[in-house]
Amino acid sequence: MSNNAYLDAVKKIDDSLKSSEGRNFVVRNVSVVDARGIVPNAWILVKDGVILETGILDEDLALAINACGLRASDLGVVDGRGCFAAPGYIDLHAHGAWEHSFDDGAEGIAIARAYHMLHGTTRQVLSLITNPLDVMQENLRTVKRVMQTRPDVLGSHLEGPFLALSRKGAHDPNCLVDPTLERVEALLEAADGTLRQITLAPEREHGMEAIKRFVEAGVIPAVGHCDADYQTARAAFNSGSTLMTHMFNAMNGIHHRKPGPIPAALEDSRVTIELINDGFHVENPVLRMAFKAAAGRIAFVTDAMAATGCADGAYKLGALDVTVTGGHARLVSNGAIAGSTLILEVAIKRAVKELGIGLPEAIAAATIVPARALGVDKPNAITSAPLGLVEKGYAADLLLLNPGTLAVEHVWCDGHKIS
């Protein structure tokens with residue numbers, strides 16, 4: 001896509017998010033689908049960007065409109081044409097798209113977010129790659145500034161710099177360090193309340209102390225990019241870590257005498273587990289196994305990098321050179337997997353059509369499960385209304401999905417019409 005096309009999409013989304021108009025509407029003739037199941041022949045009434053009521057009977061819709069002090073003529077009416085109406089997708093872990101990364105300043109964030117938004121990811125935690133500490137601090141400050149005008153940005157995720165050298169993946173080894181108190185405090189100060197999660201290796205020196213400090217500051221420590229054994233992972237979870245970064249990738253595998261961190265996460269009901277459902281990072285039989293082993297706790301993530309939405313070729317991940325072939329990204333230097341080009345729209349399709357997972361369960365993995373992990377599934381200080389369900393009182397983050405292909409056809413974020 002040309003740079004002008006990028007900018008046209010960005011401007012349209014920016015204008016939509018800033019507009020106060022059009023946030024009262026009704027969506028009719030849809031099958032509502034979320035983690036609780038499927039309700040056919042349904043309607044959704046939205047007022048001021050919040051779902052006011054849902055139902056199936058026309059007379060109940062008329063009553064709901066009257067009860068909220070609106071007139072039918074005040075409302076935009078959307079004919080869903082039999083589509084599925086789902087909650088907007090939430091991505092806990094992604095780095096960019098459309099040739100830009102979330103480390104590339106406000107413009108890079110806007111362009112990368114536009115691509116994900118148009119494909120149904122209405123809210124996103126912006127993942128920042130390992131860099132020198134001062135660069136990471138400045139990137140955190142940028143995300144905080146962006147959040148002042150963008151409800152679709154939920155905050156930052158630091159993937160590093162406290163990762164295991166032996167499990168660095170596509171992270172710059174020269175920037176990996178121990179999580180000393182001084183470094184932890186520097187990052188927290190830069191984020192100023194907008195850091196949502198940080199991936200770290202708990203076995204690093206000061207790892208457990210760092211986990212406790214991040215929890216104290218309201219940040220979710222995620223176990224990942226680690227060489228932790230089973231006992232260390234359990235200790236991390238008992239110290240307050242409630243997330244596992246892209247399970248199976250960049251960590252010890254399961255061995256019957258050396259179980260490693262994966263069984264520790266699977267057996268702990270407090271832990272939300274990220275999975276990259278592209279069939280490349282984790283193959284389908286293992287994806288199915290994980291989904292069954294941790295039912296209701298799997299959060300689909302993309303780990304999408306700057307090449308997402310672009311043709312194969314040469315790209316950057318931080319300062320490192322990446323080649324994308326067949327949609328798969330690898331470092332030029334050593335062939336290590338360098339993120340993905342996945343989007344949640346595709347992850348949902350794969351779950352249903354290739355893994356045999358039910359649509360409500362698949363939708364849950366990209367909506368209520370990540371919302372619950374962040375604490376935004378209920379009234380909170382991050383979003384204007386709860387996220388993750390098509391339900392009264394929740395934000396009108398809504399998608400219309402083609403009932404045959406599950407492709408995203410229309411998007412609303414916080415009641416703003418995006419596409």
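Biologist: Which residues make the nonpolar surface patch of about 250 Å²?

Modeller: The model is predicted, so local features need pLDDT of at least 70 and side-chain atom pairs count only at pLDDT 80 or more, while totals for chains, interfaces and linings use all residues. Residues are numbered from 1 along each chain as its sequence is written, and side-chain values use heavy atoms, with hydrogens and water left out. A patch takes residues with over 30% relative accessible area and no salt bridge, joining like charges within 9 Å and nonpolar side chains (Val, Leu, Ile, Met, Phe, Trp, Tyr) within 5 Å; areas come from the Shrake-Rupley method with a 1.4 Å probe, and for residues only the protein chains shown count as cover. The patch is made by V39, I56 and L57.

Biologist: Where is I56 found?

Modeller: Helices (H or I, at least four residues) and strands (E, at least two) are DSSP runs, numbered from the N terminus. By that numbering, the elements on either side of I56 are strand 3 (50-55) and helix 2 (58-67). I56 is found in the loop between them.

Biologist: What is the strand order of the open sheet of eight strands?

Modeller: Two strands pair if DSSP finds at least two bridges between them. In this sheet the pairing is parallel, and the order is 6-9-10-11-12-13-14-15. Strand 6 (89-94) and strand 15 (298-301) each have a single partner strand, so one side of each is left without a neighbour in the sheet. The strands at the edges are therefore strand 6 and strand 15.

Biologist: Which residue stands opposite A299 in strand 15?

Modeller: Strand 14 (residues 272-276) and strand 15 run parallel and are joined by four bridges. The residue opposite A299 is E274.

Biologist: Is I198 buried or exposed?

Modeller: Buried means under 20% relative accessible area, exposed over 50%, and partly exposed in between (1.4 Å probe, protein chains only). I198 is found in strand 11. Leaving aside neighbours within four places in sequence, I198 is in contact (heavy atoms within 4.5 Å) with residues including L158, L187, F214 and I220. Because its relative accessibility is 0%, I198 counts as buried.

Biologist: At what angle to strand 11 does helix 6 run?

Modeller: Axes are lines fitted to C-alpha atoms, for helices over the stretch in contact, and angles run from 0 to 180 degrees between N-to-C directions. Helix 6 (residues 207-216) lies across strand 11 (195-200) and strand 12 (220-223). Its angle to strand 11 is about 170°.

Biologist: Which are the buried residues of helix 5?

Modeller: Helix 5 covers residues 181-191. Among the elements covering its buried residues are helix 4 (133-147), strand 10 (153-159), strand 11 and helix 6. Just after helix 5, D192 takes a positive phi of about 50°. The buried residues are V184, A186, L187, L188, A190 and A191.

Biologist: In which helices are R213 and E185, whose pair links distant parts of the chain?

Modeller: A salt bridge is a side-chain nitrogen of Lys or Arg within 4 Å of a carboxyl oxygen of Asp or Glu. The side chains of R213 and E185 meet in one at 2.5 Å, N to O. The two residues are 28 residues apart, R213 being in helix 6 and E185 in helix 5.

Biologist: Are R113 and D152 buried or exposed?

Modeller: Their side chains meet in a salt bridge (2.8 Å, N to O). This pair also links distant parts of the chain, with R113 in helix 3 (residues 105-118) and D152 in the loop between helix 4 and strand 10, 39 residues apart. Both R113 and D152 are buried.

Biologist: How many salt bridges does the structure hold?

Modeller: One network of salt bridges links R23, R123, D397 and D414. The structure holds 24.

Biologist: Which residues form the covered face of strand 18?

Modeller: Strand 17 (residues 320-325) and strand 18 form a hairpin with two residues between them. In a regular strand the side chains alternate between the two faces of the sheet. In strand 18 (residues 328-331), H328 and R330 make the uncovered face, and the covered face is A329 and L331.
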